[in-house]
Amino acid sequence: MEVNCEGCAGCCLDWRALAPDDADHGHERRGSYRPLDDVANLAPLSSDEVRAFLDAGLAGALVARLFRIEDGPSVAVGGVEVAAVRGRPAFLVGLRKVPKPVEPFDVEPRWLPTCAFLDPETLQCRIHGSEVYPETCSTYPGDNLALDAETECERVERAHGGERLLDDEPPDDAGPVLGPGAVGARVFGHPDADRIEGTVERLAAGEATRADHAELVAVAAASAPGTLAVSDERYERARERALDADSWVDGAVEEWTDRAGDEPPDPAAAATVEGDRGAPGTPGWDG
């Protein structure tokens, strides 16, 4: 597997606004499971990874996702029928996207929903290769190739030209991150549907709060692979960490959101919005 990521970041941002009108860009919203949120290309995390982000004080970069379901195990929460595992609302935890000024695919800079860890200027990941770099990101698009599923690289090629997927041979260790055994590892079940009634309603309305995500992130952190059991002690500790976290991500998310409403998009602004707050740098691209 070999990819050309320079000037792309198609898997790290929501580029639907740059897609042709006739593009089929709804690959995450087919079948019986429909996300309550409108985030594109969510990168799901394992329970170990969720805990690592909490330990690093980076809870502000985490969001939860529940699913509407048309046919399959479900439970009604706050008037919304959501997918369930053994009667418990099922959810994922992934990386947050925030409006950032980016310039992918050689187009003019645009405000687009972008991963909290993507440097808008270099279009490189600030945590690449670090201890918290998620497996989902490190193996992409190998898992898609192993399943013979279209990759974001190919979607970008079709819409904007160029060569992104240079070698479509999947790595030997590629496999689905949400395959058998995902319960408690990447697919989590909330133990008390009544407790998240308001959370589900706000997620469906696009108005979820930090406390809403902290509740679900804490359950994920307190889960263990292969089981729906949730450790009360771990949950309490994780929820407190999620609510108290105050990293460079939190301030940057707030400032980017404020700027996106009325400022021209300038990727170089990342030096002050993120860099001055302590965001890790990126190496840039070889000349």
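**Close-up views of a predicted model**

View 1. Phe105 is buried, its relative accessible area being 8%, in a model that is predicted. This residue belongs to the loop between β7 and β8, and its phi is near 60 degrees, a positive value in a residue other than glycine. As background to this view, most residues other than glycine have a negative phi.

**View 2. Leu123, in the loop between β9 and β10.** Leu123 is placed in the loop that lies between β9 and β10 (124–125), and although Leu123 is not a glycine, its phi is positive, at about 55 degrees. With a relative accessibility of 8%, Leu123 counts as buried, because the limit for that class is under 20% relative accessible area.

**View 3. The cis peptide bond between Tyr140 and Pro141.** Tyr140 and Pro141 are joined by a peptide bond that is cis, with an omega of about 0 degrees. Pro141 is found in the loop between α2 (135–139) and α3 (142–146). For the reader comparing this bond with others, most peptide bonds are trans.

**View 4. The hairpin formed by β4 and β5.** Strand β4 (residues 74–77) and strand β5 (residues 80–85) run antiparallel and are joined by four bridges; in one of the pairings, Val75 has Val82 of β5 as its bridge partner. The two strands form a hairpin with two residues between them, and Gly78, in the turn, has a positive phi of about 60 degrees.

**View 5. The aromatic pair of Phe117 and Trp248.** In the model as a whole, the count of aromatic pairs comes to five. Phe117 and Trp248 form an aromatic pair that is edge-to-face, with 6.0 Å from centre to centre and 70 degrees between the planes. Phe117 lies in the loop between β8 (110–115) and β9 (118–119) and Trp248 lies in helix α8, so the pair ties together parts that are 131 residues apart in sequence.

**View 6. Ser247, in the loop between α7 and α8.** Ser247 lies in the loop between α7 (232–244) and α8, where the side chain of Ser247 reaches the backbone nitrogen of Val249 at 3.1 Å. Ser247 has a relative accessible area of 15% and is therefore buried, as the limit for that class is under 20%.

**View 7. The second largest pocket and its lining.** The volume of the second largest pocket is about 710 Å³. The pocket is lined by 29 residues, of which Val63, Arg96, Lys97, Ala208 and His213 are the closest to its centre. At least two residues of the lining are supplied by each of β3 (62–69), β7 (97–102), α5 (197–205), α6 (210–221) and α8 (248–260), and the largest share, four residues, comes from α6. Sorted by class, the lining holds 15 nonpolar, five polar and nine charged residues.

Conventions
Residues numbered from 1 in each chain as written. Predicted model: local features only at pLDDT ≥ 70, side-chain atom pairs only at ≥ 80, totals over all residues. Heavy atoms only, no water. Pairing = 2+ DSSP bridges. 1 Å grid on protein atoms, 1.4 Å probe; cavity = no way out; pocket = protein on both sides within 12 Å on 5 of 7 lines; lining within 4 Å. Points joined across faces, edges and corners; volume = space filled by probe spheres on them. Nonpolar A, V, L, I, M, F, W, Y, C, P; charged D, E, K, R; others polar. Phe/Tyr/Trp six-rings, centres within 6.5 Å; stacked < 30°, edge-to-face > 60°. Buried < 20%, exposed > 50% of the residue type's maximum accessible area, 1.4 Å probe, protein only. Polar contact = N/O pair within 3.5 Å; in protein donor to acceptor, adjacent residues only side chain to side chain.
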